Amino acid sequence: MIKKNKLIKKKAHKGDVTKIINNKSNYFHGFGELYISEIKLKKIKGWKKHKRMTMNLKVIQGKVKFVFITKNNKKFKEIILNDKDLKLITVPKKTIFAFQGLNKKNMIMNFSNIQHESNECLNYPINKFNYNWK
């Protein structure tokens, strides 16, 4: 199940600190790698499905629309996050999803449980699913 997890922001007089994840977080599934994916305005990355990777996604710059396919590839779940949101999305393995940049420059941090492997991810054409990106 796709989950939005609330992050903790601690106030500090020299600058606030936002805790993203640790090994006691209920959305921690191991550590494989941490990377940042950039996406330009109105561009779409996806559709993709990871066979083994669980992702924890945090928008660190801009605004991004994430779209997840649920219910036998017939329903869509949308989540829009920006860099001010204290939220992180956990995407379980075998979830089909895509995302679109809504600002001029957008960056997403992915804390995943395994390292990226090209044969671990399935990619689908953007018109494979009947979703209107507007």
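**Strand pairing and a buried serine in the predicted model**

Strand β5 is joined to strand β12 (residues 121-123) by 3 bridges, and the two run antiparallel. Within this pairing, K48 has N123 of β12 as its bridge partner. The model is predicted. Strand β5 spans residues 44-50 and also pairs with strand β10 (residues 96-101). That pairing is antiparallel too and comprises 5 bridges. Here G46 lies opposite A98 of β10.

An open sheet is built from 5 strands. Their order is β1-β9-β6-β11-β4, and the pairing is antiparallel. From one strand to the next, the twist averages 30 degrees. Strands of a sheet pair through backbone hydrogen bonds, in either a parallel or an antiparallel sense.

Inside this order, strand β6 (residues 55-61) meets strand β9 (residues 87-91). The two strands run antiparallel and are joined by 3 bridges. N56 has T90 of β9 as its bridge partner.

Strand β11 covers residues 105-112 and includes S112. S112 is buried, because its relative accessibility is 0%, against a cut-off of under 20%.

Definitions and conventions: Residues numbered from 1 in each chain as written. Predicted model: local features only at pLDDT ≥ 70, side-chain atom pairs only at ≥ 80, totals over all residues. Heavy atoms only, no water. Pairing = 2+ DSSP bridges. Helix = DSSP H or I, 4+ residues; strand = E, 2+ residues; numbered from the N terminus. Axes fitted to C-alpha atoms, helices over the stretch in contact; angles between N-to-C directions. Buried < 20%, exposed > 50% of the residue type's maximum accessible area, 1.4 Å probe, protein only.
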